[in-house]
Amino acid sequence: MTRNPDRKYRVVSAFQRRIGNPLLRRLPFQTLLETTGRVSGLPRPTPVGGRRVGDAFWLVSEYGERSQYVRNIRADPRVRVRIRGHWHTGTAHLLPDDDPVARLRTLPRLNSTAVRALGGRLLTVRVDLDG
C-alpha cells in the first residue's frame with residue numbers, strides 16, 4: 001500500500017472506522033470484540049478474527065498498542081466476545097511477549113493474511129472466557 005507506516009495506519013484505520021467496521025458489525029456471525037470506551041464508557045464493538053481454544057479466545061491486533069480496542073482493554077480488561085452469534089464475557093490480556101506471527105499461523109487463514117498485510121506492530125490478545 002505505502003512505505004510510510006504512519007500513512008498506512010491512517011488510511012487503513014479511516015477505512016475500517018467509516019466503512020469496514022460498520023458493515024461487518026451487522027453480519028450476524030462476524031466475530032466481535034466489545035470493549036468499554038475508555039473515555040465515553042460506551043460499548044465499542046469491533047470486528048475481529050480469531051479462534052476459540054477451550055475457554056480462551058485468541059486474536060492478534062494488527063496495530064498493537066495503537067488499536068483503539070487495545071487502549072480500551074488497558075483501561076478496562078472486561079470484554080464481551082460474540083462468537084458464532086453468541087455473546088461470551090471474559091477478561092482480556094495483552095501478551096507482548098507472545099510471538100504474534102506464530103500465533104497468526106494458528107488462527108483463521110483469511111483474517112491472518114489480512115492482519116499481516118495491513119498490520120504494523122502486531123500484538124497478541126487472549127480473552128479468558130467466563131464459564
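Guide: Start with burial: a residue is buried under 20% relative accessible area, exposed over 50%, and partly exposed in between, with a 1.4 Å probe and protein chains only. Next come helices (H or I, at least four residues) and strands (E, at least two), which are DSSP runs numbered from the N terminus. This is a predicted model, in which local features need pLDDT of at least 70, side-chain atom pairs count only at pLDDT 80 or more, and totals for chains, interfaces and linings use all residues. Residues are numbered from 1 along each chain as its sequence is written, and side-chain values use heavy atoms, leaving out hydrogens and water.

Visitor: Which residues of H2 are buried?

Guide: They are Tyr69, Val70, Asn72 and Ile73. These residues cover an arc of only 160° around the axis, so they sit on the same side of H2. That arc is taken from the directions from the helix axis to the C-beta atoms. The face turned away from the buried side carries the exposed residues Arg74 and Ala75.

Visitor: What covers the buried residues of H2?

Guide: The cover includes S1, S2, S4, S5, S6 and S7. To follow this, you need contact: heavy atoms within 4.5 Å. Take tyrosine 69 as a case. Leaving out residues up to four places away in sequence, tyrosine 69 touches Leu33, Thr35, Thr46, Val48, Leu59, Val60, Ser61 and Glu62. One of these, threonine 46, lies in strand S2. Threonine 46 is buried, because its relative accessible area is 15%.

Visitor: How do I read the overall layout?

Guide: List the elements in order. The chain has 4 helices and 7 strands. Along the sequence they follow the pattern α-β-β-β-β-α-β-β-α-α-β. Of the 131 residues, 40% count as buried. Then ask how far apart in sequence the contacts reach. Among contacts with a separation of 6 or more, residues 24 or more positions apart account for 64%.

Visitor: What is a nonpolar core?

Guide: In soluble globular proteins, nonpolar side chains tend to be buried together. A nonpolar core is a set of buried Ala, Val, Leu, Ile, Met, Phe, Trp, Tyr and Cys residues joined through side-chain atoms within 4.5 Å. Here the largest core has 16 residues. Those with the most contacts inside it are Leu33, Phe57, Tyr69, Ile73, Val81, Val125 and Val127. Strand S4 (56-61), helix H2 (68-75), strand S5 (78-83), strand S6 (86-95) and strand S7 (123-129) each supply at least two residues of this core. S7 gives the most, with 4 residues. Another core, of 5 residues, lies apart from it and includes Ala56, Trp58, Leu104 and Leu107.

Visitor: How do I see which strands pair?

Guide: Two strands pair if DSSP finds at least two bridges between them. S1 and S5 run antiparallel and are joined by 3 bridges. S5 and S6 also pair in the antiparallel sense, over 6 bridges. Now follow valine 81. In S5, valine 81 is the bridge partner of leucine 33. Valine 81 also stands opposite histidine 88 in S6.

Visitor: How many residues lie between S5 and S6 in their hairpin?

Guide: There are 2. Look at arginine 84 in that turn: its phi is positive, about 50°.
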